[in-house]
Amino acid sequence: MTVTMMWDDADKTIMVCKSLGQWTWEEYHETLTEIVESFKEANHRFDLIITREKQATMPGGSPMPHFQRAMRIMPPNVGLVALVNTNGFARALVSMFSKLSASKDNPSLIIVGSHEEARAKIAAHRAKNMHKRSA
């Protein structure tokens with residue numbers, strides 16, 4: 001899987017993963033393990049922004065079990081997982097999946113139309129959770 005992983009902020013609390021080209025589910029799970037292990041190394045909150053280049057192709061078969069596993073193995077210090085996608089069908093599918101996988105043990109999954117929107121949603125989610133802790 002051709003994926004780039006980089007920090008989106010100076011504090012290294014928001015990771016951006018961008019997929020390119022063609023990849024397999026096995027490569028997806030290897031990358032997922034790398035992300036999860038890097039998040040487990042610290043005790044602070046992380047957020048994840050996932051983007052896919054237009055030429056990137058998803059492997060065949062249902063993505064649901066793979067995405068369910070991803071949400072299940074995220075450590076508790078992950079706040080939001082933001083998928084950047086403008087495709088209407090994909091947005092509907094992720095929206096449905098996020099409702100089905102919602103639980104207090106999983107990070108929140110959202111779908112947004114741009115990287116900037118993902119950053120704004122993360123900032124709002126962090127502010128809301130800080131407010132809850134101080135109340």
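From the N terminus on, the elements of the chain follow the pattern β-β-α-β-α-β-α-β-α, giving four helices and five strands. Helices (H or I, at least four residues) and strands (E, at least two) are DSSP runs numbered from the N terminus. The model is a predicted one, in which local features need pLDDT of at least 70, side-chain atom pairs count only at pLDDT 80 or more, and totals for chains, interfaces and linings use all residues. Residues are numbered from 1 along each chain as its sequence is written, and side-chain values use heavy atoms, with hydrogens and water left out.

Of the 135 residues of the chain, 39% count as buried; here buried means under 20% relative accessible area, exposed over 50%, and partly exposed in between, with a 1.4 Å probe and protein chains only. A contact joins residues with heavy atoms within 4.5 Å. Among contacts between residues at least 6 apart in sequence, 75% join residues at least 24 apart.

Five of them form an open sheet with the order 1-2-3-4-5 and mixed pairing, where two strands pair if DSSP finds at least two bridges between them. Strand 1 (2-7) and strand 5 (108-112) stand at the edges with a single partner strand each, so one side of each has no neighbour in the sheet. On average, neighbouring strands of this sheet are turned by 20 degrees against each other, direction ignored; the axes behind this angle are lines fitted to C-alpha atoms, for helices over the stretch in contact, and angles run from 0 to 180 degrees between N-to-C directions.

The chain passes from strand 3 through helix 2 to strand 4 in a right-handed β-α-β crossover, that is, with the strands pointing away from the viewer, the path from the first strand over the helix to the second runs clockwise. Strand 4 also runs parallel to strand 5, through five bridges, and Val81 stands opposite Leu109 in this pair. Strand 4 is mostly covered, with seven of its seven residues buried.

Helix 1 (residues 25-40) has 16 residues and reaches 22 Å from its first C-alpha to its last, close to the expected 22 Å, a span taken as 1.5 Å times one less than the number of residues. Its buried residues are Trp25, Tyr28, His29, Thr31, Leu32, Ile35, Val36 and Phe39. They cover an arc of only 165 degrees around the axis, so they lie on the same side of helix 1; the arc is that of the directions from the helix axis to the C-beta atoms. The cover over these buried residues includes strand 1, strand 2, strand 3 (46-52), helix 2 and strand 4.

Asn77 sits in the loop between helix 2 (64-73) and strand 4 (78-84). Asn77 is buried, at a relative accessible area of 14%. Leaving aside neighbours within four places in sequence, Asn77 is in contact with Phe39, Ala42, His44, Arg45 and Phe46.
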